[in-house]
Structure formats: structure tokens, C-alpha cells
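Subject: Structure handover

Hello,

Here is the structure for you to look over. My notes on what turned up follow below.

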Amino acid sequence: MKTIKILVSVIILTISFFSISHAQESKSAPKHSTAILAPTHRIVFQMVTGDTLAHKQLVKQISNIITVSPKTEIEVVCHGPGLQMLLSNKSVVADKISQLASARVSFNACEFSMKEKNITAEELIPSAGRVPYGILELVTKQEEGWSYIKAGF
């Protein structure tokens, strides 16, 4: 009988200890952490619109991501009307792209779309790269485990 009472006491003490520990952790933890996220993410964005508001929103989102998770690998694939984001004479975010490119964010133009629209490599902003086929680049990245996000409205 004494053994059962001792066992019950030990169980009650153990439960109490874990309840108190968890309550203290919950009280001390902030509701919204501003700490840098540890995991490395790999994200590929697809840009298919010529809408300059979408271009501005995308560079803002990417800036936010690398602020909280600086090890995140990011690639933007622009094709179709989205190529305008990377054209020297049309881009409203060329300066921001240059800054993000220096933070290891890749901005790539689809060469297939370039050919269809008669756009030469010289017409692209200096920090833009190229991929042969935008859609196949997106598929390849997803097959390699990258997260896919379609940018724009």
C-alpha cells in the first residue's frame, strides 16, 4: 500500500513539475518572435505579369524574407510579360534587384520568351541572368525540393 502511495506521489510531482515548467516557458516566450529563422529555405518565384505593382511587391517580399532568414536561397524566373521586370528600359525595380542580387538572390529571364519578343541579352538589367526555358526551370527547381510561389496579382 505504501508503494502505491509513493508511486502516486511521484507521478503527481512529475506532472506538476512539467506543468510549471511549461507555464513559465509560455509566459517568457514572446508572442511574435523577431529572431532570425534558422532553417535554410529554397524558394523559386514565378513572375509572369508586366504589372509594376506586382514587381514592387515581389522585391519587398524578398527583402522581408532575407531579413528574417538570410540563408534562404531565392530565384525569380521571369517569362512572358514578366520579362518587363528585367528590362533596362522598363523596370521600375532595377535598383532593388541589383541590391537583392548582391544578397545572392537570382533573377532570371526566360530565353525562350526573349526570343519570342525579340529581346536581346543587352536589353536586360546588368544583374539579370538567363535560363533556357522558364517553365522547365520552375519544374526543375520543384523537383529539387524548392518551394514554388507564383508572384503577382
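A salt bridge here is a side-chain nitrogen of Lys or Arg within 4 Å of a carboxyl oxygen of Asp or Glu. By that rule the count comes to two.

Some ground rules. The model is predicted, so to speak of a local feature requires pLDDT of at least 70, and side-chain atom pairs count only at pLDDT 80 or more, while totals for chains, interfaces and linings use all residues. Residues are numbered from 1 along each chain as its sequence is written, and side-chain values use heavy atoms, with hydrogens and water left out.

**Salt bridges**

E75 and K141 form one of the pairs, at 3.3 Å from N to O. E75 sits in strand β2 (residues 73-78) and K141 in helix α5 (residues 134-143), 66 residues apart. Helices (H or I, at least four residues) and strands (E, at least two) are DSSP runs, numbered from the N terminus. Is E75 buried or exposed? E75 is buried, at 5% relative accessible area. K141 is buried too, at 14%. The cut-offs: buried means under 20% relative accessible area, exposed over 50%, partly exposed in between (1.4 Å probe, protein chains only).

E111 and R130 also meet in a salt bridge, at 2.9 Å from N to O. E111 is in helix α4 (residues 111-116) and R130 is in strand β4 (residues 129-131), so the pair ties together parts 19 residues apart in sequence. E111 is partly exposed, at 32% relative accessibility. R130 is partly exposed as well, with 44%. In general, side chains of opposite charge can pair when their charged atoms come close.

**Overall layout**

The chain has five helices and five strands. Along the sequence they follow the pattern α-β-α-β-α-β-α-β-α-β. Of the 153 residues, 31% are buried. Take contacts (heavy atoms within 4.5 Å). Among those between residues at least 6 apart in sequence, 72% join residues at least 24 apart. The chain exposes about 10000 Å², and carbon and sulfur atoms supply 59% of that. Accessible areas come from the Shrake-Rupley method with a 1.4 Å probe; for residues, only the protein chains shown count as cover.

**Nonpolar cores**

A nonpolar core is a set of buried Ala, Val, Leu, Ile, Met, Phe, Trp, Tyr and Cys residues joined through side-chain atoms within 4.5 Å. The largest has 28 residues. Which members touch the most others? They are F45, I62, M85, L86 and F107. The elements giving two or more residues to this core are β1 (42-47), α2 (52-68), β2, α3 (94-102) and β3 (105-110). Helix α2 gives the most, with six residues.

F107 shows the packing in detail. Leaving aside neighbours within four places in sequence, F107 is in contact with I62, V76, M85, L86, I97, L100, S127, A128 and G129. There is also a second, separate core of five residues, which includes V44, V77, V131 and L138.

**Cysteines**

C78 is buried, at 0% relative accessibility. C110 is buried, at 3%.

**Surface patch**

F112, Y133 and L136 form a nonpolar patch on the surface, with about 320 Å² of accessible area together. Patches are made of residues with over 30% relative accessible area and no salt bridge: like charges are joined within 9 Å, nonpolar side chains (Val, Leu, Ile, Met, Phe, Trp, Tyr) within 5 Å. Y133 is in the loop between β4 and α5. Y133 is partly exposed, at 46% relative accessibility.

A54 lies in helix α2 and is buried, at 2% relative accessibility. The C-alpha atoms of A54 and G152 are separated by 4.7 Å, though the two residues are 98 apart along the chain. Beyond four places in sequence, A54 is in contact with M47, T49, G152 and F153.

**Backbone**

Two non-glycine residues to check. R104 has a positive phi, near 75 degrees. R104 is in the loop between α3 and β3 and is exposed, at 58%. N118 has a positive phi near 55 degrees. N118 is in the loop between α4 and β4 and is exposed, at 65%.

Best wishes
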